[in-house]
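Open the model in your viewer and keep the selection tool at hand. This tour goes from stop to stop.

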Amino acid sequence: MSKAAPAKKPTPSAPPPGCTIDINDPQVQSAAIRIQASYRGHRSRKELREKGPPRVLEPLKDVMLIEGSAAKLTCRISAFPDPFIRWSKDGKELRDGPKYRYIFEDPDVVALVVRDGELADLGQYSINVTNPFGQCSDSARILVEVPAKIQKGPDSTKARKGTTVKLCAEIMGEPAPDVGWTKDGKDIEEDERVFFEIGSTNTTLTIRRATPEDSGKYEVFVENSLGMDQSFARVDVA
């Protein structure tokens, strides 16, 4: 059996007239020199523009943190050489870890993520950016919203006639919750003998010179825009 003759490689076609470049042409060499010089000048200007102290291009903004969720503070900066980033809360440095995460999204975007939000995360957060040429900083607040809740309700109690009875409850919420007390389902009308006080984390109902008529079911309510809670206790006076 005879073998087929190998196919001939096609002869490259000549470029159209006017599309060839003679590298020995003085005009071509001059143009190449100008292009190289222009590129070197652009690179030098770019390096000169970037080297220097860090600058904040887009500042931090206040963010709202819902209890149990995460919040993110984002800042756009300009810094060359690469800077050292430090985050702090109310003047105390925050370490990168499970609670606080340092995020580098782009060469010029840095962020701090605060996880597992709680009321204690409320505060002023700052970023400090440093390189060999200087430093810059910026700050913003994390505002925390927590549904109203009673962390510890009042304890039932027995008292003697004529003594003072106090019912205490530990409360929380942000915004600060409205607080109310009832006896046997009716709002308590305060006077100099029966009244309640409201603190930032607690509320106390006081009954002076207790009488048997003060016996009953006492209930405390807390409520804000995110939710409400209630708890009760019994008082027996004899």
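Select Cys75 and Cys136. The sulfur of Cys75 lies 7.1 Å from its closest cysteine sulfur, that of Cys136, which is too far for a bond. A disulfide here means a pair of cysteine sulfur atoms within 2.5 Å. The structure holds zero disulfides. Buried or exposed: which is Cys75? Cys75 is buried, at 0% relative accessible area. Cys136 also counts as buried, at 12% relative accessibility. (Buried is under 20% relative accessible area, exposed over 50%, partly exposed in between, with a 1.4 Å probe and protein chains only.)

A word on the source. This is a predicted model, where local features need pLDDT of at least 70 and side-chain atom pairs count only at pLDDT 80 or more, while totals for chains, interfaces and linings use all residues. Residues are numbered from 1 along each chain as its sequence is written, and side-chain values use heavy atoms, leaving out hydrogens and water.

Next, select strands E1, E3, E7 and E6. (Strands are DSSP runs of at least two residues, marked E and numbered from the N terminus; two of them pair if DSSP finds at least two bridges between them.) They make an open sheet of four strands, in the order E1-E3-E7-E6, with antiparallel pairing. E1 (52-58) and E6 (100-106) are the edges: each has a single partner strand, so one side of each has no neighbour in the sheet. From one strand to the next, the twist averages 30°. (Angles run from 0 to 180 degrees between N-to-C directions, with axes as lines fitted to C-alpha atoms.)

Zoom in on E3 (residues 71-80) and E7 (residues 109-114). Six bridges join this antiparallel pair. Lys72 stands opposite Val113 in E7.

Now select E9, residues 134-152. What pairs with E9 over nine bridges? Strand E8 (residues 123-131) does, in the antiparallel sense. Two residues separate E8 and E9 in a hairpin. Asn128 has Ser137 in E9 as its bridge partner.

Strand E2 (residues 63-66) runs parallel to E9, joined by four bridges. There, Ile66 partners Glu145. Strand E11 (residues 165-174) is antiparallel to E9, again with four bridges. Val146 faces Glu174 in E11.

Last stop: Leu143, in E9. Leu143 counts as partly exposed, at 31% relative accessibility. With Leu143 they form a nonpolar surface patch of about 290 Å² of accessible area together.

Terms used:
Patches are made of residues with over 30% relative accessible area and no salt bridge: like charges are joined within 9 Å, nonpolar side chains (Val, Leu, Ile, Met, Phe, Trp, Tyr) within 5 Å. Accessible areas come from the Shrake-Rupley method with a 1.4 Å probe; for residues, only the protein chains shown count as cover. A salt bridge is a side-chain nitrogen of Lys or Arg within 4 Å of a carboxyl oxygen of Asp or Glu.
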